Amino acid sequence: MPAISMKVNGQAVCGEVEGRTLLVEFLRDKLGLTGTHVGCDTSQCGACVVEVNGKAVKSCTALAISCADADVTTIEGLAQNGKLHPMQEAFREHHGLQCGFCTPGMIMAAVDIVKRKGKSLDEDTIRHELEGNICRCTGYHNIVAAVKAGAANM
Amino acid sequence: MSDTGTGIGARVKRKEDQRFITGKGNYTDDINLPKQTWAYFVRSPHAHATITSIDASAAKKMPGVVGIFTGDDVAEDKIGGLICGWMIHSKDGSPMKAGPHPILAVGKVRYVGDHVAVVVAETKDQAKAAAAAVQVDYDVLPHVVDVAHAMGHKAQIHDAAPDNRVFNWSIGDEAATDAAFKSAAHVTKIDLVNNRLIPNAMEPRAAIGSYDSGMDHYTLYTTSQNPHVARLVISAFHGLAPEHKLRVIAPDVGGGFGSKIFIYAEEVVCVWASKRIGGRPIKWTAERSESFLADAHGRDHVTHAEMATDANGKITGFKVHTKAAMGAYLSTFASCVPTYLYATLLSGQYAIPNIYAEVDAIYTNTAPVDAYRGAGRPEATYVVERIVETAARELKMDPAEFRRKNFVTQFPHQTPVIMCYDAGDYSAALDKALDIAEYKSFPERKAASAKKGKLRGIGFSAYIEACGIAPSAAIGSLGAGVGLWESAEVRVNPVGTVEVLTGSHSHGQGHETTFAQLVSDRLGIDINNVAIVHGDTDKVQFGMGTYGSRSGAVGMTAISKALDKIEAKAKRVAAAVMEASADDVEFKNGTFTVKGTDKKMAFGEVALSAYVAHKFNSAEIEPGLKESAFHDPSNFVFPAGVHIAEVEIDPDTGVTEVSSYTAVDDFGNVINPMIVEGQVHGGIVQGIGQALAEGCVYDAESGQLLTGSYMDYQMPRAANVPSFKLGFTCTPCPSNPLGMKGCGEAGAIASPAAIMNAVTNALDVKDVPMPATPHVIWKTLQPMKKAAE
Amino acid sequence: MENFNYHRPATTADAVKAMKSAGDGKFMSGGMTLIPTLKQGLASPSDIIDLSGIKNSGVSVGATVVIKGGTTHADVAGSADLKKAIPGLAALAGGIGDPHVRHRGTIGGSVANNDPAADYPSACLGLGATIHTSSRKIAADDFFTGMFSTALEDAEVLEAIEFPIPKVSGYAKFPNPASLYAMVGVFVAQLADGSVRVAVTGAGAGVFRVPEMEAVLAKNFSAAALNGIAVASKNLNVDMHASAEYRAHLITVMAKRAVEAAK
């Protein structure tokens with residue numbers, strides 16, 4: 001099995017993978033970073049969204065080996081020095097989560113939206129930009145409110 | 001109710017969120033045990049077939065394979081089949097016809113995805129590869145997937161039910177209802193299909209079973225809404241091990257919506273087979289495609305309904321006949337869903353003197369059908385609110401005023417279908433909803449839409465539901481195999497912090513916060529000094545779990561009762577320490593005082609005194625401060641409300657946009673409005689999903705599931721729905737001390753009818769089938785366009 | 001999914017070499033379609049030759065627009081030069097899949113895969129693009145040969161796509177409500193010489209042009225010109241999401257919207 005190394009949440013990591021090992025499997029099974037979830041097998045639910053080289057991607061649809069040497073940020077790496085990221089804070093403040101399963105992917109996607117679209121987001125933009133993330137609990141109402149508020153605080 | 005602080009009525013931010021927003025949740029698939037193996041299930045590719053042989057010899061030689069097991073192995077160990085826990089009797093008195101449901105198929109498969117064999121291997125990939133190498137030969141049999149045509153179909157699914165009918169059940173007075181129809185001024189008729197749904201909690205089901213030979217003890221981690229019920233069933237019916245030899249843990253669970261109530265084959269297989277492989281843990285996590293195939297589905301009713309009205313527009317009679325799909329096997333609570341959770345709500349919010357309903361429950365070659373958010377009550381609301389709306393249109397009455405004219409106004413109100421509504425004010429909710437939805441100015445908005453070439457419609461849904469499930473004696477008399485009380489234990493630590501052990505299970509509902517609010521409020525202690533413990537049969541003695549919007553009304557009432565006992569005991573301790581009579585001790589805001597003196601003790605001091613036990617006679621007062629309670633409700637609770645949907649349809653494409661959605665609900669007293677609103681939002685979107693997007697489709701010819709992934713099954717996304725306008729009214733529930741009703745299912749119960757009444761209003765047609773996808777709307781419009789040309 | 005040998009060549013020549021020596025190799029660019037296909041067991045190649053190691057990304061605008069094969073949808077959508085030169089193409093790229101897919105999926109991967117519900121093939125055909133490969137140039141009219149099939153040879157790498165700059169162009173998509181793939185997507189372009197191309201994706205076995213619409217739009221480039229012009233439903237896709245008749249209807253509606261959006 002080839003060994004790969006990458007930077008995950010600021011830490012250099014390495015591990016053996018097969019060609020077929022998905023990035024999400026590497027994160028969860030090899031690194032124990034179980035905050036990134038798998039909610040589907042057709043690349044649609046977005047529970048697995050992480051940041052690779054600064055951009056949100058679906059880690060269930062990327063080979064770990066293709067991400068060798070990449071800089072990866074997962075939900076576990078969002079808070080800095082024990083201080084929550086403003087988007088994490090906003091999800092709590094606005095009750096933007098219920099069961100919590102889609103939440104890591106939602107938050108990572110939301111941070112990415114702000115990077116691309118700026119801190120001042122209207123409801124239509126947020127709803128449209130969340131097309132790659134599915135939530136079954138919240139009806140999105142409070143997620144939209146959380147993203148809007150979190151963006152403003154970033 | 002206060003809106004600040006951490007007590008009852010406050011919008012307290014959730015305590016559980018810290019772990020979820022930082023990726024530290026602990027879901028079953030996040031757990032890995034030492035020496036763990038992986039299971040992969042061999043599933044039926046056929047809707048209905050006889051298994052002629054299973055040859056696992058080649059698969060057994062594949063790399064990493066630890067064991068392969070079939071129904072024969074299960075039978076050898078005398079492990080029982082899956083059960084349905086509610087006995088329904090047909091109207092002729094005969095018991096329901098339940099076929100066997102082995103945890104691995106024996107002789108026959110009955111739906112695509114049926115569990116045939118399990119492969120256990122060192123890794124998930126190895127298990128999956130070997131599963132593909134298990135050779136199963138089938139003789140394909142005729143199949144039927146459509147409930148409308150399944151009764152008497154040549155595909156005979158179970159020997160026990162030769163015509164595929166499980167039961168023919170009825171409720172109400174048929175003769176009196178027929179008489180009401182005879183004297184009716186007007187009769188409204190409608191045929192409705194309540195489309196089959198796939199629950200799709202975002203966390204796929206998962207299980208880890210392990211066996212400790214040293215202790216002769218099993219442990220099962222599973223994605224369950226009710227771990228104690230799972231333990232009870234696996235012990236008592238599957239016969240795996242007595243309850244003290246089986247621990248079931250349901251850690252963080254990523255949504256349930258009913259689908260994780262049931263005891264499923266996969267979890268029983270994992271925990272059973274662990275012993276077979278020498279005690280190594282066996283883990284299984286469903287792929288989403290397996291969730292589609294093998295989670296219990298919801299709804300799937302075909303209904304004909306007729307409503308009689310008199311010359312004054314008063315409803316005088318209501319008749320309903322429903323064919324309800326059960327799928328290929330009876331799932332854990334399948335039989336009560338289209339009967340006691342459905343037809344008992346057919347009176348809606350209306351004073352209807354005569355109701356008669358008949359339900360045929362029918363096997364089909366599909367995944368089992370069981371409770372899904374609302375469970376029977378969305379189906380009932382759909383029938384009632386669609387026919388009421390239709391009747392109003394036929395009678396040329398305003399749909400709001402037709403409803404108001406027929407509302408129940410006196411409480412308690414005994415319906416002709418068992419339920420006794422205890423409290424409510426339906427007109428108040430209607431008024432508030434009309435106001436928020438700006439009903440009066442709807443014609444202006446309709447005209448504005450028309451100018452843009454769009455069709456605008458408005459629709460009502462005045463729902464009622466019965467939840468807070470359920471009074472044990474009542475449901476026992478109706479066939480339930482269990483009681484539906486709840487338990488709680490309150491443990492006060494010597495420093496005054498509190499642990500509450502509850503039999504409820506939180507999988508998104510926020511119990512760690514709302515339950516702590518109750519404790520904080522009652523004991524006057526910091527909410528951060530309260531921990532809620534749930535989901536582990538080794539920690540919590542017993543409980544019935546979370547479903548049927550029961551955790552507030554039943555689960556919290558149990559906690560409240562335990563808190564009563566804590567307070568009483570603490571008063572005795574405080575009295576002893578302060579050398580006063582217990583009758584003179586008062587407790588308020590976390591402080592014990594002695595009437596008429598300046599003596600006082602903080603709650604923490606009393607807790608410490610209870611454990612130090614120096615200052616009272618322990619022959620009279622036992623040391624310690626720990627109390628438990630079981631609460632069995634005396635009635636269901638009856639949340640009700642009025643939802644109003646407004647839609648705008650693009651006739652060029654058939655796309656329906658939900659322009660606005662108003663929900664006014666009466667949940668009685670509310671512990672945490674923030675959480676309650678969240679429950680309503682989520683429920684509404686599940687209902688919008690049912691109305692406009694989601695429809696499970698099996699191919700009639702092949703029996704295959706066509707909507708087997710998110711590529712074909714449309715989950716509502718953020719862009720498909722608007723933000724919602726919510727309002728609340730409050731008539732406290734008289735049957736529990738907190739005055740609470742349930743809020744978990746209301747949105748999903750009310751919204752399909754509101755949306756479809758709006759869609760049919762926009763198109764000016766009697767019915768459009770759900771889901772009213774763009775294609776369906778476009779098809780509906782074609783003959784109308786042609787007629788107009 | 002089954003395991004495979006993984007290669008990540010640094011040059012196109014090495015990629016071609018790796019493919020030639022593979023038993024049953026597959027090129028992978030962003031992997032947005034290939035990886036789900038592998039996960040579902042619909043393909044199990046012996047070798048995956050990952051093209052992402054080749055630095056082959058970028059949009060350059062001159063007399064024509066050349067987009068290198070490894071350019072992600074996000075980079076195509078975000079190119080300021082492209083937004084000016086061919087706004088319809090930039091808009092199309094910005095509507096593919098979802099933001100996360102657009103960060104990894106590439107134009108080369110999408111065009112080479114020729115999914116009948118993919119967006120890019122309609123732009124290639126609708127603009128009369130030229131496909132540059134490791135060994136030749138192929139006109140879009142000759143490139144798309146059917147469902148998931150193209151004129152590419154087994155060991156031929158799609159290196160870039162060259163688009164002529166039209167007067168105006170527009171794209172309108174009716175997404176499959178579940179998958180968000182195109183159920184019907186129509187790309188319309190009025191080229192520099194005044195001729196018009198209309199290319200439809202999602203509705204048939206592969207992308208196709210609509211000569212009747214092209215003819216009327218060449219005379220009068222307006223949505224109204226398309227009134228009463230419909231594609232025959234005979235050869236269109238039928239599935240649970242849409243009948244052939246509905247797809248035919250949507251082609252006209254989307255063509256009109258593409259014309260209205262064209263700039």
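This is a predicted model: local features need pLDDT of at least 70, side-chain atom pairs count only at pLDDT 80 or more; totals for chains, interfaces and linings use all residues.
Q: Which helices and strands does chain C have, by number?
A: Chain C has eleven helices and 14 strands.

Q: How compact is chain C?
A: Its radius of gyration is 18 Å, close to the 18 Å that the globule rule gives for 263 residues, so chain C is as compact as a globular protein of that length.

Q: And what box do its C-alpha atoms fill?
A: Roughly 55 × 45 × 30 Å, along the principal axes.

Q: How much of chain C is buried?
A: Buried residues are 57% of the 263.

Q: What share of its contacts join residues at least 24 apart?
A: 60%, counted among contacts between residues at least 6 apart in sequence.

Q: OK, domains. Where do they run in chain C?
A: Domain 1 covers 5-52 and domain 2 covers 59-261.

Q: What distance separates their centres?
A: The centres of domain 1 and domain 2 of chain C are 25 Å apart, taken over C-alpha atoms.

Q: How many residues are in contact between the two?
A: 13 residues of domain 1 of chain C contact 17 residues of domain 2 of chain C.

Q: Which element gives the most on the domain 1 side?
A: Helix α1 of chain C, residues 12-21, with five residues.

Q: What classes of residue make up that side?
A: On the side of domain 1 that touches domain 2, there are six nonpolar, six polar and one charged residues.

Q: Switching to chain B. How many residues are in contact between it and chain C?
A: 14 residues of chain B are in contact with eleven of chain C.

Q: Which helix of chain B gives the most there?
A: Helix α20 of chain B, residues 774-788, gives three residues to the side touching chain C.

Q: And that side by class?
A: Eight nonpolar, four polar and two charged residues on the chain B side.

Q: What about the largest nonpolar core?
A: That core has 403 residues. Those with the most contacts inside it include B:Ala39, B:Leu346 and C:Val186.

Q: Which helix gives the most to this core?
A: Helix α16 of chain B, residues 551-577, with 14 residues.

Q: What does the core draw from the domains of chain C?
A: At least three residues from each of domain 1 and domain 2.

Q: Back to B:Ala39. What is it in contact with, leaving aside neighbours within four places in sequence?
A: B:Ala39 is in contact with B:Val118, B:Val119, B:Val120, B:Ala127, B:Cys270, B:Ile282, B:Lys283 and B:Trp284. Of these, B:Val119 is also listed among the residues with the most contacts inside the core.

Key: Residues are numbered from 1 along each chain as its sequence is written. Chains are lettered from A and ligands numbered from 1 in the order in which they are written. Domain bounds come from an automatic or database domain assignment. Two residues are in contact if their C-beta atoms, placed from the backbone, lie within 7 Å. Helices (H or I, at least four residues) and strands (E, at least two) are DSSP runs, numbered from the N terminus. Ala, Val, Leu, Ile, Met, Phe, Trp, Tyr, Cys and Pro count as nonpolar, Asp, Glu, Lys and Arg as charged, and the others, Gly among them, as polar. A nonpolar core is a set of buried Ala, Val, Leu, Ile, Met, Phe, Trp, Tyr and Cys residues joined through C-beta atoms within 7 Å. A residue is buried if 20 or more other C-beta atoms lie within 10 Å of its own, exposed if 12 or fewer, and partly exposed in between; C-beta atoms are placed from the backbone. The radius of gyration is taken over C-alpha atoms; the globule rule is 2.2 Å times the number of residues to the power 0.38.
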